[in-house]
Amino acid sequence: MNNPAKATATDHHTRTGLGKDDLKNDYIDNLFYIQGRFREVATPNDLYMAAAYTVRDRMLKRWIKSAQTFKQTNARTVCYLSAEFLLGPHLANNLVNLGITETAREAGAELDLDYDEIIEAEEEPGLGNGGLGRLAACYMDSMATLQIPAIGYGIRYEFGIFDQVIVDGWQCERGDTWLRNGNPWEIPRPKIAFPVGFGGHTEQYSDEHGATRSRWVPSLLVNGVAYDTPILGYGVGNANLLRLWKAEAPESFDFQAFNVGDYYGAVNAKMQAETISKVLYPNDEPEVGKELRLKQQYFFVSCSLQDMIRLQLGIAGSLDGFHEKYAVQLNDTHPSLAVAELMRLLMDEHLMGWDQSWNITCNSCHFTNHTLLPEALETWSVKLFERLLPRHLEIIYEINRRFLDEVRVRFFGDEERIARMSIIDEAFGRRVRMAHLAAVGSKAVNGVAALHTELLKSTVMRDFHDMYPERFFNVTNGVTPRRFIAVSNPELTALITETCGDDRWLRDLDALKQLEGHAEDQALQARWRAVKITAKERLANWLGKCTGFTPDPRTLFDVQAKRIHEYKRQHLNLLHIVWLYEQIKQNPNIELTPRTVIFGGKAAPSYFMAKLIIKLINAVGEVVNNDPQVNGYLRVLFMPDFNVKNGQRLYPAADLSEQISLAGKEASGTGNMKFSMNGALTIGTLDGANVEIRDEVGHDNFFLFGMTAPEVQQRQADGYRPWELYHASTELKSALDLIGSGLFSHGDKELFRPLTDNLIHSDPFMVLADFHSYADRQHEVDRTYRTPHQWERMSILNTARMGKFSSDRSIRDYVDQIWKTPPLPIEV
């Protein structure tokens, strides 16, 4: 897709011009001078790298001009601190943002290059686990598009989220070696490096004015080295900076140790240091894993704050206005150590007093909470803090002392509240509550969906809302339509643009409302359906190659793709599949819409129950897909290695989007938005952003089922007894008993017993309670899909009414409510 305003630029320099000949000439140069190859011997990776450098050349002009302008104007800047940035492949997205996709395709054809093969050759940087990291990437895209000066800070993990392979139905994990062929999008900055300490002790001294001060004497130092990636806005001259930190030893080789024969000792410091940025989310079950994870969090927070201070001193010469220069956004609890580290840097390194340091810190930091699950609110043992970050623990103790004094005055005599609000949890082995630290040290706290924010204020952070109601905001999550429609679904993009008259909807997603007036148009419905079939055929062909099973694009594609977790309730979907299987077996002439149920998602390597769910999905699929009595009605498939790249294949092809978590458990969800933008209808609970999606698309265009969050709370309070539901429902009992019979496990009745026993005797996420409501709505889905004009109308209206869920709107909310960062357009 081309943006004519950009594609007709007058700049025809080989490295920056946007014309076809410019691209061809630059590509040939990059293949020869950077890859050192000529066409006849170039590998697929060489061809991709030359294309990437050709596109990067055009980005660098915008990036450097942006950096120069931001520095010259001392622009207020958002610093987005996130342990994850799940960026997805860069090449196709950057072509869209430059407005030269079709030009690049034509240039490739004239060079006898296969455009699609080059796009496919890109390795995905797996620097995130799921929604948290993908949200950060969407926000970086939107900040650049909205011309908001911003820096994203994170970790350059050598190994990202594992690659998932399925062996005998089980998930197996393989290392994500995303850097093995090089990364053309990043620029190493070896001269931008900062020391980061661990361990050691603290000591007090008197400064030149006689004031008592503290200094930290760490026992281990590592360096954080910057690697920079430009993040380009769509249709604008702005490009922002993503700066990721790699851990290195100050001296990577000890010659003295080597010379005396201690070859391991010669490189030990290097190995110790590099471990910090080696892998995304090490297994934190053992103590050594916990230590590494805390080291990672402190490492990138410290590097990032030291970098901000360097930039501020270089521009202003003083840190007095640090909070006026930077809006520091903490993406969940992982970067919440920023509160203590900024205090340490200001007081210990730059000799400010407590009050001034605290004022700067509290007016710089802003905290996004992403969860309502108590077990997901990070805490660290005081003993680990004492050993690893002794100075920070002293600062946290002092923050807590002063804070609790405020609480005592505000809530006189309420000792239970004081215990609940303390940053130090004294009840369970003395632990540091990171969400509490972030809430105390931040100017703003936000939830990520309207329901989530209200539950946040009334449950896990109720005491803090009582104390600081003015700090709490809602910013409903959003996703970028550039990647998740324009890149993922070019046929739908072209149809929307033609119907709306132009492509301004890619910058203003509310413009999709123009589609509403065409929802009844049978000609548009037919073209809409054809676009969906094309996407389904493309997905089916890819699935056939990677799984050996090619689903029928004429069937209803029923998709549940997200992290595998009990609260997301993939096993509710499975129970319905097993029940359907029984219905078909008992009544071969049953009237059903042929359906292909596609699952995708990764389970945490140590999460046994989630991995057992994956095994059951594959086991049920093996039986169902090979039963000729059933497989004309029902097929079940697990899509391996669900990530951004594979999601771009899946979102356009889905007819039905499964958003079925227990009400009150999902903070927001963003997959729900990606599916709906691409015309999938949703079956879901009133959980997370589902509530707002249903309100926007219309209650008649959303298949609602299940209990509400208050109903869930009431049922739990009354005493939830799932075994009574199991014995009272013939459908539930027969489905669970069939799983337990060994039919799906080659006669092994014990394999899935942990899962069925958990549902019958515990069922913490109330699968059994919502089953019948879910099955009833699935029956309605079945009926509706058999009325194509009704389904297509609902599909068009879903896409038309998704304007609210653009990440551009989310960023505008942050700017207006929290950051107060004006846009700064860059003219190129």
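A charge sits over a ring if NZ of Lys or CZ of Arg is within 6 Å of the ring centre and within 35 degrees of the ring normal. To see one case, select lysine 602 and phenylalanine 162: the charged end of the lysine sits over the phenylalanine ring, 5.3 Å from its centre. Then select lysine 295, whose charged end sits over the ring of phenylalanine 198, 5.6 Å from the ring centre.

Before going on, note that this is a predicted model, in which local features need pLDDT of at least 70 and side-chain atom pairs count only at pLDDT 80 or more, while totals for chains, interfaces and linings use all residues. Residues are numbered from 1 along each chain as its sequence is written, and side-chain values use heavy atoms, with hydrogens and water left out.

Next, the aromatic rings. The structure holds 21 aromatic pairs (rings of Phe, Tyr and Trp, its six-membered ring, with centres within 6.5 Å; planes under 30 degrees apart count as stacked, over 60 as edge-to-face and the rest as tilted). Select tyrosine 80 and tyrosine 139, an edge-to-face pair at 6.1 Å centre to centre with 90° between the planes. This pair links distant parts of the chain, 59 residues apart: tyrosine 80 is in strand 1 (residues 77–81) and tyrosine 139 in helix 7 (residues 131–145). Helices (H or I, at least four residues) and strands (E, at least two) are DSSP runs, numbered from the N terminus.

Are these two tyrosines buried or exposed? Tyrosine 80 has a relative accessible area of 0% and is buried; tyrosine 139, also at 0%, counts as buried. Buried means under 20% relative accessible area, exposed over 50%, partly exposed in between (1.4 Å probe, protein chains only).

Move to phenylalanine 703 and tryptophan 791, a stacked pair at 6.1 Å centre to centre with 25° between the planes. The phenylalanine lies in strand 22 (residues 703–704) and the tryptophan in helix 33 (residues 788–800), so the pair ties together parts 88 residues apart in sequence.

Last, select strand 2 (residues 150–155), where six of six residues are buried. On one side are Ala150, Gly152 and Gly154, and on the other Ile151, Tyr153 and Ile155. Strand 2 runs parallel to strand 1, joined by four bridges (two strands pair if DSSP finds at least two bridges between them). Leucine 81 stands opposite tyrosine 153. Five bridges join strand 2 to strand 9 (residues 239–248), also parallel, and there tyrosine 153 stands opposite arginine 243.
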